[in-house]
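Look at the sequence and the model together.

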Amino acid sequence: MEFVVQILQMFFSLDREAATRVMLKVHTEGRGVCGVYPRDIAATKVERVTGYARQHQHPLQCVMEENGT
């Protein structure tokens, strides 16, 4: 859980309280929203988070979803 909070702070600029809220949502519901970004920025964030998690041998998954608007 602490690793996820750190990721949210590092890559999504969330403060500790907001990062903890998102982490708990992921923990209880299986997913949470880290932010809303233009497609290219979101894709870069997914790539960086996934790479960082793999480097640290953590199974964290990060995916991008398109907004339906």
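## The largest pocket

Helix 1, helix 2 and helix 3 each supply at least two residues of the lining of the largest pocket. Helix 3 gives the most, with five residues. Helices here are DSSP runs of H or I with at least four residues, numbered from the N terminus. A pocket is defined on a 1 Å grid over the protein atoms alone, as an open set of points where a 1.4 Å probe fits, with protein on both sides within 12 Å along at least five of seven lines. Lining residues have an atom within 4 Å of a point.

The volume of the largest pocket is about 840 Å³. That volume is the space filled by probe spheres set on the points, with grid points joined across faces, edges and corners. Its lining has 30 residues, and Gly32, Cys34, Val63, Met64 and Glu65 lie nearest the centre. The lining divides into 19 nonpolar, five polar and six charged residues. Ala, Val, Leu, Ile, Met, Phe, Trp, Tyr, Cys and Pro count as nonpolar, Asp, Glu, Lys and Arg as charged, and the others, Gly among them, as polar.

## About the model

This is a predicted model: local features need pLDDT of at least 70, side-chain atom pairs count only at pLDDT 80 or more, and totals for chains, interfaces and linings use all residues. Residues are numbered from 1 along each chain as its sequence is written, and side-chain values use heavy atoms, leaving out hydrogens and water.

## Aromatic rings

How many aromatic pairs does the structure hold? There are three. Rings of Phe, Tyr and Trp (its six-membered ring) pair if their centres lie within 6.5 Å; planes under 30 degrees apart are stacked, over 60 edge-to-face and the rest tilted. The rings of Phe3 and Tyr52 have centres 5.9 Å apart and planes at 15°, so this pair is stacked. Phe3 is in helix 1 (residues 2-12) and Tyr52 in helix 3 (residues 39-55), 49 residues apart. Phe3 is buried, with a relative accessible area of 15%. Buried means under 20%, exposed over 50%, and partly exposed in between (1.4 Å probe, protein chains only).

Phe11 also pairs with Tyr52: the ring centres are 5.5 Å apart and the planes at 65°, so the pair is edge-to-face. Phe11 lies in helix 1 and Tyr52 in helix 3, so the pair ties together parts 41 residues apart in sequence. Phe11 is buried, at 9% relative accessibility. Ring pairs link Phe3, Phe11 and Tyr52 into a cluster.

## A charge over a ring

Which residue lies over the face of Tyr37? Lys45 does, at 4.9 Å from the ring centre. A charge sits over a ring if NZ of Lys or CZ of Arg is within 6 Å of the ring centre and within 35 degrees of the ring normal.

## Arg16

Arg16 belongs to helix 2 (residues 16-29). Arg16 is partly exposed, with a relative accessible area of 41%. Leaving aside residues up to four places away in sequence, Arg16 touches Glu2, Val5 and Gln9. Contact means heavy atoms within 4.5 Å.

## Two positive phi angles

Ser13 is not a glycine, yet has a positive phi of about 55°. Ser13 sits in the loop between helix 1 and helix 2, and is exposed at 67% relative accessibility.

Gln57 is not a glycine either, and has a positive phi of about 50°. Gln57 is found in the segment after helix 3. Gln57 is exposed, at 75% relative accessibility.
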